[in-house]
Amino acid sequence: MDFNWMNQRNRLDSKLRIGVVRHCTFCEKQISDIRDISYTEDAEIAHSKCLQAFEQHWKDRDEALDLMGY
C-alpha cells in the first residue's frame, strides 16, 4: 500500500490554513484593516495615509523646483 499524504492529513484531522499578510510598501508595517488599503501606480499595496503622504511629498517637491526655476 502506497503512502498518501492527503489521507494521512485527513486522518490526523489537521487543516491546512494559509493566511494572507499584507505589508505597506512605505512604512513596512502590517495592514490589518482591509478598508485602509490603497495601491500605488505600480500596483504596490500601501496604507491610505502612507500613500497620501508620499504623493504630497512629490507635489511639494515639484512646487519647490518650480519656485527655484528648474
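Colleague: How many helices and strands are there in the chain?

Modeller: This is a predicted model, in which local features need pLDDT of at least 70, side-chain atom pairs count only at pLDDT 80 or more, and totals for chains, interfaces and linings use all residues. Residues are numbered from 1 along each chain as its sequence is written, and side-chain values use heavy atoms, leaving out hydrogens and water. Helices (H or I, at least four residues) and strands (E, at least two) are DSSP runs, numbered from the N terminus. The chain has two helices and two strands, in the order α-β-β-α from the N terminus on.

Colleague: What percentage of the residues count as buried?

Modeller: Buried means under 20% relative accessible area, exposed over 50%, and partly exposed in between (1.4 Å probe, protein chains only). Of the 70 residues, 14% count as buried.

Colleague: Is Thr 40 buried or exposed?

Modeller: Thr 40 counts as buried because its relative accessibility is 15%. Thr 40 lies in the loop between β1 (37-39) and β2 (45-47).

Colleague: Which residues does Thr 40 touch?

Modeller: Contact means heavy atoms within 4.5 Å. Leaving aside residues up to four places away in sequence, Thr 40 touches Phe 26 and Leu 51.

Colleague: Where is Glu 55 found?

Modeller: Glu 55 belongs to helix α2 (residues 48-68). With a relative accessible area of 41%, Glu 55 is partly exposed.
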